[in-house]
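Subject: Structure for your review

Dear colleague,

I am handing over the structure below for your review. My notes on what was found in it follow.

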Amino acid sequence: NSAVVFDVDETSLSNYEAIKKIHFEYVRDMWDNWINEANAPAIPEVKQFYDFVILKKIKVIFLSSRTSSQYNATYSNLKNAGYLTFDILILKGNSYLSITSMEFKSKQRELLTNKGYDIIAVIGDQESDLQGNYHGIQIKLPNYIYFIE
């Protein structure tokens, strides 16, 4: 039951064009509109890694700090970008809003492990995607746009 956990923003999907339009700032309404459009393209090299993982019959899990209200748009965007096969998409529900992304993602990986997944790797653009327990090999992508704790 081997699995690789993929982050979404600036790992699996590129939001560069949207961030550029808002001058590399965070404008919540514009960001939410961008997510709801579900048009972020795949990052080609990550998509190639995803394709390799699928070819090897390793399970794929997407884990993001996007809010659970953005589930449908995120799911559609991943599919639109070519991530057609995955086991689970996990977003940050209301009960986790008061904790950091690192705490949330670490807790979710623990829960996945307790459900029987053997997490062999995680890939993300933030240290918070990789920190904590239950991560296997850690693949850190550069992100020169923003930092999340």
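Contact, as the word is used here, means heavy atoms within 4.5 Å. With residues up to four places away in sequence left out, valine 46 touches Phe6, Thr11, Ser12, Tyr83, Ile123 and Leu141. Please note that this is a predicted model.

Valine 46 sits in helix α3 and is buried, its relative accessible area being 3%. Lysine 115 is 69 residues from valine 46 in sequence, and the two C-alpha atoms are 26 Å apart in space.

The largest nonpolar core has 28 residues, and those touching the most other members are Phe6, Leu13, Val46, Val60, Phe62, Leu78 and Tyr83. Two or more residues of this core come from each of β1, α1 (16-21), α2 (28-37), α3 (44-55), β2, α4, β3 and β4. As a general point, nonpolar side chains in soluble globular proteins tend to be buried together.

Aromatic pairs

A pair of aromatic rings is described by the distance of the centres and the angle of the planes. The model has nine aromatic pairs. One of them joins phenylalanine 62 and tyrosine 83 in an edge-to-face arrangement, with 5.4 Å from centre to centre and 75° between the planes. Because phenylalanine 62 belongs to strand β2 (residues 59-67) and tyrosine 83 to the loop between α4 (71-80) and β3 (88-92), this pair ties together parts that lie 21 residues apart in sequence. Are the two partners buried or exposed? Buried means under 20% relative accessible area; phenylalanine 62 has 0% and therefore counts as buried, and tyrosine 83, also at 0%, counts as buried too.

Phenylalanine 62 forms an edge-to-face pair with phenylalanine 86 as well, at 5.1 Å centre to centre and 90° between the planes. That pair links distant parts of the chain, with phenylalanine 62 in strand β2 and phenylalanine 86 in the loop between α4 and β3, 24 residues apart. Both phenylalanine 62 and phenylalanine 86 are buried. Ring pairs also join Phe6, Phe49, Tyr50, Phe62, Tyr71, Tyr75, Tyr83 and Phe86 into a cluster.

Cavity and pocket

Rolling a probe the size of a water molecule over the atoms shows where empty space is left. The structure contains one cavity of 30 Å³ or more, and the space in the largest cavity is about 30 Å³. Which residues line the largest cavity? The lining is formed by Val5, Phe6, Asp7, Leu63, Lys105, Val122, Ile123 and Asp129. At least two of the lining residues come from each of β1 (2-6) and β4 (118-124). By class, five residues of this lining are nonpolar and three are charged, with no polar ones.

The second largest pocket has a volume of about 220 Å³. Eleven residues line this pocket, and Glu10, Ile43, Pro142, Asn143 and Tyr144 are the closest to its centre. The lining of the second largest pocket consists of seven nonpolar, two polar and two charged residues.

With kind regards

Technical notes. Residues numbered from 1 in each chain as written. Predicted model: local features only at pLDDT ≥ 70, side-chain atom pairs only at ≥ 80, totals over all residues. Heavy atoms only, no water. 1 Å grid on protein atoms, 1.4 Å probe; cavity = no way out; pocket = protein on both sides within 12 Å on 5 of 7 lines; lining within 4 Å. Points joined across faces, edges and corners; volume = space filled by probe spheres on them. Helix = DSSP H or I, 4+ residues; strand = E, 2+ residues; numbered from the N terminus. Nonpolar A, V, L, I, M, F, W, Y, C, P; charged D, E, K, R; others polar. Phe/Tyr/Trp six-rings, centres within 6.5 Å; stacked < 30°, edge-to-face > 60°. Buried < 20%, exposed > 50% of the residue type's maximum accessible area, 1.4 Å probe, protein only. Core = buried A, V, L, I, M, F, W, Y, C linked by side-chain atoms within 4.5 Å.
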